[in-house]
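Thanks for making time this morning; I would like to walk you through one structure and the way its two chains come together. Please have the sequence and the model open while I talk.

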Protein chains: 2
Amino acid sequence: MLKIIDDVEKMKVYARVMRKNGKMIGLVPTMGCLHEGHLSLMNAARKQTDIVVTSIFVNPIQFGQNEDFKKYPRDIKSDELIVKNLGVDVLFCPHQKDMYPKGYSTHVDVGKMGNLLCGRSRPGHFKGVATVVTKLFEIVKPDIAYFGQKDVQQAVIIRKMTNDLDMDVVIKVLPIIREKDGLAMSSRNTYLKKEERGQAVCLFTAINRARELFADGLRDTHKIIEEMKKVFEQKDLAKVEYINIVDMDTLKDLKTIKDKAVCALAVRIGKTRLIDNTILGVEDEQNAFQ
Amino acid sequence: MLKIIDDVEKMKVYARVMRKNGKMIGLVPTMGCLHEGHLSLMNAARKQTDIVVTSIFVNPIQFGQNEDFKKYPRDIKSDELIVKNLGVDVLFCPHQKDMYPKGYSTHVDVGKMGNLLCGRSRPGHFKGVATVVTKLFEIVKPDIAYFGQKDVQQAVIIRKMTNDLDMDVVIKVLPIIREKDGLAMSSRNTYLKKEERGQAVCLFTAINRARELFADGLRDTHKIIEEMKKVFEQKDLAKVEYINIVDMDTLKDLKTIKDKAVCALAVRIGKTRLIDNTILGVEDEQNAFQ
């Protein structure tokens with residue numbers, strides 16, 4: 001039976017009782033508008049923990065002033081059906097006024113790592129993410145929390161924060177789920193107009209180009225990135241924001257790939273900003289983060 | 001039997017097991033060199049919780065570059081005896097390299113409130129405090145944590161952080177313990193030379209002046225502060241850093257005292273920086289923070 005909780009105090013008490021009863025809690029934090037990427041996280045939580053909590057909260061403090069907080073897609077009725085069918089135990093949908101009451105002022109910041117990659121064009125974004133995830137961890141008290149590799153910088157930052165602050169929660173990062181043509185699943189894909197949707201696969205094409213070059217033995221990141229850029233030259237609706245190949249723990253740029261590395265990119269397709277990534281140098285992305 | 005733990009992982013496991021067994025944990029976070037102020041916190045914890053954990057950690061990130069981190073008094077052997085005699089269950093003394101390993105980068109910040117009062121001359125201090133307290137809360141998982149009112153800004157900030165981040169821990173703030181002449185107990189009192197120690201009571205004298213004026217019906221904070229300043233005029237070794245009368249939740253300056261207010265001051269006696277405070281407008285400081 002799905003339990004829907006919107007009260008922060010009730011969620012805290014529920015989680016406290018469950019933990020006292022020896023139940024393992026799995027948390028899947030989301031901003032709703034659930035797609036197959038989220039589903040894979042919930043399915044993993046269902047297998048690995050006793051109580052699965054899915055949170056839906058469109059977190060205002062991780063959106064910049066000119067970003068899409070207001071128009072971010074919301075579909076709570078559809079989300080409710082989805083989590084019910086998956087056997088999720090608790091749908092936690094806190095209210096903005098309870099999460100950030102008047103006078104709210106505390107933030108968690110992982111430092112410079114949050115200013116790289118997406119952080120360059122989204123100042124304050126990862127501080128907002130780290131803060132809301134800390135709050136969700138405090139409220140829901142998960143043993144394991146699940147994140148998607150699609151937001152790779154977020155995953156690296158949450159893992160870093162969890163380690164730095166000694167949080168007693170295991171972070172699992174699961175592989176990107178893609179549409180048939182390879183476009184990474186994202187709630188923001190709903191923004192794409194037909195022609196844009198057609199060109200949006202170019203992020204995946206560029207990633208595959210990187211994988212090919214890596215497989216052929218190329219380790220010079222500058223050369224790989226130059227080749228990836230060429231993919232976008234024929235796409236008139238695409239505007240590359242960044243393509244970087246970085247260390248998996250620090251997110252710092254690499255000149256040469258020695259072990260494994262994150263190849264990440266952000267591209268605007270029309271007005272819609274899309275991100276994608278791959279981990280180079282691993283046999284199986286499934287376990288890249290373990 | 002006192003258990004001494006210096007390993008962060010061991011402390012986490014111990015706390016997890018205790019909580020699972022339904023034990024209430026009380027945490028008294030200290031920087032060691034324990035005095036009667038700390039003792040009152042541990043005694044309260046002993047009465048109110050099942051497992052009392054006292055942590056000793058001189059937290060480097062709350063000291064400024066020109067501050068006294070290196071010479072801060074340390075006396076672990078004496079501290080061990082004290083906690084043993086009080087019936088403390090666990091003395092947790094983590095190592096700096098485990099608390100802040102290479103590449104550590106995450107901080108918790110309560111915002112502007114940390115830049116007022118002591119924050120003006122100690123930039124970054126309260127960010128360091130909020131960060132280490134978050135870490136200690138994550139490691140020790142207390143039901144109740146105990147702080148002294150002597151560090152009133154710290155107490156207000158920790159309470160704010162705990163509320164903002166939804167931490168499931170009760171913050172208790174216990175009254176200032178004073179020497180016979182009224183000097184507030186502090187590890188830093190050991191820095192005072194004989195003549196300085198004689199003049200150090202002037203902070204308490206100023207506080208009593210404020211209490212008197214308040215009792216006489218004066219509510220204009222500017223006038224109260226002017227009167228307090230006069231106390232220091234005859235003290236050649238004393239240099240006032242600040243005297244403020246502020247709101248108890250926001251720490252913002254008040255013009256007029258309506259309800260209750262914190263009267264706080266920092267004064268250098270020779271090279272030693274001392275702080276003290278009182279809560280005006282409460283019958284009994286014991287419960288001022290409850």
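**How the two chains meet**

Chain A can be laid on chain B with an RMSD of 0.0 Å by a turn of 180° and a shift of 0.0 Å along the axis, where copies are superposed by least squares on the C-alpha atoms of residues with pLDDT of at least 70 in both. The two copies are thus related as by a two-fold rotation axis, and in chain A the C-alpha nearest that axis belongs to A:Val108, at 2.3 Å from it.

Before going further, a word on conventions: this is a predicted model, in which local features need pLDDT of at least 70 and side-chain atom pairs count only at pLDDT 80 or more, while totals for chains, interfaces and linings use all residues. Residues are numbered from 1 along each chain as its sequence is written, chains are lettered from A and ligands numbered from 1 in the order in which they are written, and side-chain values use heavy atoms, with hydrogens and water left out.

The contact, meaning heavy atoms within 4.5 Å, takes 28 residues from chain A and 28 residues from chain B. Because 100% of the interface residues of chain A are also interface residues in chain B, the copies meet through the same surface.

How much area do chain A and chain B bury between them? The figure is about 2400 Å², 43% of it on carbon and sulfur atoms, counted as the accessible area (1.4 Å probe) that two parts lose on being put together, summed over both. On the chain A side, A:Leu165, A:Asp166 and A:Asp168 supply 26% of the area buried against chain B, more than any other three residues.

One of these, A:Asp168, also meets B:Lys141 through its side chain in a salt bridge of 2.8 Å, N to O, the rule being a side-chain nitrogen of Lys or Arg within 4 Å of a carboxyl oxygen of Asp or Glu. Across the interface of chain A and chain B that rule finds 6 salt bridges, and over all chains the structure holds 40.

Finally, let me turn to the strands, which are DSSP runs of E of at least two residues, numbered from the N terminus. β5(A) pairs in the antiparallel sense with strand β5 (residues 107-109) of chain B over 3 bridges, pairing being assigned if DSSP finds at least two bridges between two strands. Within β5(B), B:His107 is the bridge partner of A:Asp109.

Notes. Helix = DSSP H or I, 4+ residues; strand = E, 2+ residues; numbered from the N terminus.
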